[in-house]
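Hi,

Here is the structure I promised to pass on.

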Amino acid sequence: MNLDNKNIEPNFGVPEGYFEGFEAAVQARIAEEELRALVSTAGFIAPDGYFDQLEPSIKQQLPEKQTKVISLFGKRTLYAVASVAAVVVLVVNLIGNGNGNNENTLALDQVDPQLLVAYANSDAIAFTDAELMDFVSEEDLETSLFSEQQLSDESIETYLLENLDDIDLITTYEE
Amino acid sequence: MIAESSLVDQLKAPETREAAFSTLMSTYKERLYWHIRKMVYSHDDADDVLQNTFIKVYRSIENFKGESKLYTWMYRIATNEAITFINKKARRMEIGNEEVQQLAVANLAADPYFEGNEIQLKLQEAIAKLPQKQQLVFNMKYFDDMKYDDMSEILGTSVGALKSSYHIAVKKITAELKSD
C-alpha cells in the first residue's frame with residue numbers, strides 16, 4: 001500500500017458552516033452542563049389522577065353534532081316579500097276606502113315611496129308564514145336556498161375584522 | 001403507535017374522529033400540559049389552557065394541511081393559547097404580562113403543586129426575568145429537549161437565532177443562580 005499518496009478525497013460531506021460554528025456549539029454545551037449541575041428539573045407536579053380524568057372532562061366540552069337548519073326564507077327574500085305585501089295592502093286599503101269620494105282617503109301617489117319601503121321593512125308589519133307563502137314563488141325559494149354566490153376569503157376576513165371586537169375570536173390555526 | 005398521517009386522516013373523517021381524538025389526547029396530553037404549565041405556572045391555569053388547546057385542535061383539525069408535523073402544530077396552538085391566557089389575565093388585572101408572571105412565580109413557594117427546593121425556585125425566578133420568547137426557547141430546549149428544527153416550526157424563528165437565544169438564556173440563568 002502506498003501511504004505517500006496524501007491526495008485522498010473525503011467521501012463524506014458536512015453541513016454548511018459546521019466547522020465555523022463548532023466552537024460556539026461546544027461552549028454552549030459546556031454552559032448547559034454547568035447549569036444542569038446546579039439544577040436540572042423544574043419542580044412542578046400535577047395532582048394525583050389528573051391525567052386520567054382529563055379526557056372525559058374535555059370530551060364533555062366538545063361541540064355536539066347538530067343537524068344543520070336551513071331557513072326557508074333568506075333575509076333578502078323576506079324583505080322583498082314584506083315590501084311587496086305592504087304595497088299590496090296599502091293599495092287594497094286605498095281602493096277599498098271609497099272610490100275617491102272619501103275626503104280622508106290618501107291617494108297612493110301622495111305617499112313618499114321611501115316611506116312605503118321603510119314601513120315595509122319596519123316591525124309594524126307582521127305576517128304569518130301562511131300569508132308570506134302566498135307571495136313566495138318556487139323560484140324565490142330555490143334562489144334563497146341554493147345561492148351561487150361564493151364569498152372570497154378576503155371578504156370574510158374583512159367582515160370579521162370590521163365586526164368582531166374580540167381579536168382572539170379571529171385566531172385561526174392554519175399553517 | 002399509530003402513524004401520524006393515518007391519525008390525521010382518522011381525525012378528519014367524521015366516523016372515526018372521536019376515537020382518533022381519544023388517541024390524540026392520550027398521546028400528547030402530558031407533553032402539552034408540561035409545556036403550558038411552565039408558561040402559566042399554576043396547575044389550575046395550565047388545566048384551563050390545556051383543555052382550551054384540545055378543543056381548538058378538535059375544531060381546527062380540518063384546517064391542518066399536513067405541511068408541518070401534527071405535534072408541532074399542536075404545540076403552536078398550546079403556546080398561543082397560553083400567551084392569550086396570560087394576556088387576558090393581564091388585561092383583567094390591569095397590569096403587564098411580565099407582572100402577571102412575576103406574581104405567579106412569587107406564589108410558587110406556597111403552591112401545593114410545586115415541590116421545588118430553593119434552587120429550583122430561583123431557577124423559575126430567573127426564567128421569568130427573560131423575554132417571553134427566550135423563556136419559551138429555554139424551557140423547550142432545557143426541559144423538553146426539543147429539536148431546534150421542531151422549535152423553529154413552532155415559534156417561527158430560524159434555527160440559528162434559536163441556538164443563540166438558548167445559549168444566552170443559559171448563561172443569564174447560570175449567572176443569576178450563582179449570584180447572591
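A quick definition before we start: a residue counts as buried if 20 or more other C-beta atoms lie within 10 Å of its own, and as exposed if 12 or fewer do. Also keep in mind that this is a predicted model.

Let's begin with helix H9 of chain B, residues 159–178. H9(B) has 20 residues and reaches 29 Å from its first C-alpha to its last, close to the 28 Å expected at 1.5 Å a residue.

Which residues of H9(B) are buried? They are B:Leu162, B:Ser165, B:Tyr166, B:Ala169, B:Val170 and B:Ile173. These cover an arc of only 140° around the axis, so they sit on the same side of H9(B). On the face turned away from that buried side you'll find the exposed residues B:Gly160, B:Ala175 and B:Lys178.

What do the buried residues of H9(B) pack against? In chain B, their partners are H6, H7 and H8, and chain A joins in with H1.

H7(B), residues 132–142, is where you'll find B:Lys133. B:Lys133 has 14 other C-beta atoms within 10 Å, so it counts as partly exposed.

Now for the contact between the chains: 27 residues of chain A and 36 residues of chain B take part. On the chain A side, H1 and H2 each supply at least two residues, and H1(A) gives the largest share, six residues. That side of chain A divides into 15 nonpolar, six polar and six charged residues.

Cheers

Notes
Residues numbered from 1 in each chain as written. Chains lettered and ligands numbered in written order. Predicted model: local features only at pLDDT ≥ 70, side-chain atom pairs only at ≥ 80, totals over all residues. Helix = DSSP H or I, 4+ residues; strand = E, 2+ residues; numbered from the N terminus. Expected span 1.5 Å × (residues − 1). Arc of directions from axis to C-beta. Contact = placed C-beta atoms within 7 Å. Nonpolar A, V, L, I, M, F, W, Y, C, P; charged D, E, K, R; others polar.
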